[in-house]
Amino acid sequence: MRNAFAAEITALADVDPRVVLLSGDIGNRLFDKFKERHPARFFNCGVAEANMITMGAGMARTGLRPVAYTIAPFITARVIEQIRVDLCYHNLGVTFVGVGAGLGYSELGPTHHSCEDVAMLRALPNLTVLAPADAPEVRSGLRAVLAHDGPVYMRIGKKGEPVIHPEPPPFTIGRVIPLREGEDVCLVSTGAILKDVLEAADRLTVEDGLSVRVVSMPTIKPLDTAFLADAFARHRVVTTVEEHSLIGGLGSALAEWLVDQAPQRAALCRVGGKDTFLKVCAELHTARALLGMSVDDMVERTRAVLARTSAGVAR
């Protein structure tokens, strides 16, 4: 996904002279083409992420469209005050991109994990929160961001994520991207875990005989409320899946929406990370399994909620 980001931001800068790229001392070779084509619009801000966000705010005030990029926990948790006060308070058109979000840097340990970023950021007024699923969604998402007024956080994976879409899909901020139709269960995926969600859908179809709908929800804030109204009216269970803590992420956002609605047909099932630090270094799928985000977790939790609803147990 980071390679797709680098290629797309370079292509966008080719046609939009407002685009400026800020890097938190990362991705220097990754951005070689950008620097070759637009040397006056690339700034390596060093290990000074708070300054980088404030630089972006100042640039945005002059009419530029800054995009700031570094490892997810360093561009979120380390600089929450600058995001809140410099960007969101003034509603400035700065995009900040967190690479390796969730468990993308699982092998480097908890300092590099970012399973709390959505929870921290989606409460901030004016901020749009995006989590594209693959490289084509990154490309489409960047195009949508540059046509959007206001600050945006985009959390992306690192590298080697499976490509789901054969080409960049239509991307509208605040709308889901449909992948499969179905009637019994709806799996709502956000971020780079989509390939595993599709595998869970296959298992529920083959092993349980269920008709499974799958959507990618790359916009966590604002929610696609028209989709939610349809999904909770049509299906027996709506399952959210995210590479993020169960506290404060996509599942929490849907629960907050749901509690304000009239009683719905569907029950909500949430799959995400446990409320704990992962104090081991592990490859990605092992890390997901340890925190409760495996394909088995998706299937078993969905089955459990289906069984409760079929038995008429209170949700």
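**From one buried threonine to the sheet and the cores**

The side chain of Thr190 reaches the backbone oxygen of Met217 at 2.7 Å, a polar contact, that is, a pair of N or O atoms within 3.5 Å in which, within protein, one must be able to donate a hydrogen and the other to accept it, while residues adjacent in sequence count only if both atoms are side-chain atoms. The model is predicted, so local features need pLDDT of at least 70 and side-chain atom pairs count only at pLDDT 80 or more, whereas totals for chains, interfaces and linings use all residues. Residues are numbered from 1 along each chain as its sequence is written, and side-chain values use heavy atoms, with hydrogens and water left out.

Thr190 lies in strand 8; strands (E, at least two residues) and helices (H or I, at least four) are DSSP runs numbered from the N terminus. Thr190 is buried, with a relative accessible area of 2%, where buried means under 20%, exposed over 50% and partly exposed in between, for a 1.4 Å probe and protein chains only. Leaving aside residues up to four places away in sequence, Thr190 touches Ala131, Met217, Pro218, Ile220, Val241, Glu242 and Leu250, a contact being heavy atoms within 4.5 Å.

Strand 7 pairs with strand 9 (residues 212–216) in the antiparallel sense over 3 bridges, and Ile177 stands opposite Ser216 in strand 9.

What remains is the nonpolar interior. A nonpolar core is a set of buried Ala, Val, Leu, Ile, Met, Phe, Trp, Tyr and Cys residues joined through side-chain atoms within 4.5 Å. The largest such core has 44 residues, and those with the most contacts inside it are Phe96, Tyr153, Met217 and Phe227. Among the elements that give two or more residues to this core are strand 1 (19–23), helix 3 (49–61) and strand 8 (185–190). Apart from it lies another core, of 32 residues, including Phe42 and Val138.

How values were computed: Pairing = 2+ DSSP bridges.
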